[in-house]
Amino acid sequence: PLFRSAGTMALKTIPDEDMITVYLPPYEPPPAWIPPEERKGDPEYGEDVEKFLPRVIYLKRPNPSDQLGFHVRGGIDRRSEIYVSKIVPNSEAEKIGLKVADQILRVNGASFGNIDHAQAVKLLKSTSDIEMTVRYYPYGEIGRAV
């Protein structure tokens, strides 16, 4: 079969070449169909697209050696963009609205689009005043524990 609900599948991509193994995520059924007039306020049919737009967040720490209040994952060395993976409860990061699954696009003018994990952490920890452009992108979190 071409598709399975979860597990592994071997694919032959080029004739006379080796097979590759593809890992499939667990199947998630689509939300139940709801008539359009009943969708307003339903969590499965949210129409609030504004939460996905890029936003600028300012994080100030008294000292560059103070903790950031959040953790990141990803980087070009991990074949991923940089995402917020954890928010420390009651931290300044939580208070200013940083969220798990926020993709970090820029920090103090530096693009995070093509950066490895170590460089990202170094830039984030290098100053006490951080201006970050982020966007909520939970789809980068699919299949990962957050």
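The charged end of arginine 135 sits over the ring of tyrosine 137, 4.5 Å from its centre. A charge counts as over a ring if NZ of Lys or CZ of Arg is within 6 Å of the ring centre and within 35 degrees of the ring normal. Lysine 99 lies over the face of tyrosine 136, at 4.8 Å from the ring centre.

This is a predicted model: local features need pLDDT of at least 70, side-chain atom pairs count only at pLDDT 80 or more, and totals for chains, interfaces and linings use all residues. Residues are numbered from 1 along each chain as its sequence is written, and side-chain values use heavy atoms, without hydrogens and water.

Now the strands. They are DSSP runs of E, at least two residues, numbered from the N terminus. Two of them pair if DSSP finds at least two bridges between them. Strand β8 (residues 129–136) runs antiparallel to β3 (residues 55–60), joined by 6 bridges. Here isoleucine 57 faces methionine 132. Strand β6 (residues 102–107) also pairs with β8 in the antiparallel sense, over 5 bridges. In that pairing glutamine 103 stands opposite arginine 135.

Back to tyrosine 137. Its ring and that of tyrosine 83 have centres 6.3 Å apart and planes at 20°, so the pair is stacked (centres within 6.5 Å, planes under 30 degrees apart). The two residues are 54 apart: tyrosine 83 in strand β5, tyrosine 137 in the segment after β8. Tyrosine 83 is buried at 5% relative accessible area, whereas tyrosine 137 is partly exposed at 29%. Buried means under 20%, exposed over 50%, partly exposed in between (1.4 Å probe, protein chains only).

Serine 85 also belongs to β5 (residues 80–87). Serine 85 is buried, at 18% relative accessibility.

Methods:
Helices (H or I, at least four residues) and strands (E, at least two) are DSSP runs, numbered from the N terminus. Rings of Phe, Tyr and Trp (its six-membered ring) pair if their centres lie within 6.5 Å; planes under 30 degrees apart count as stacked, over 60 as edge-to-face and the rest as tilted.
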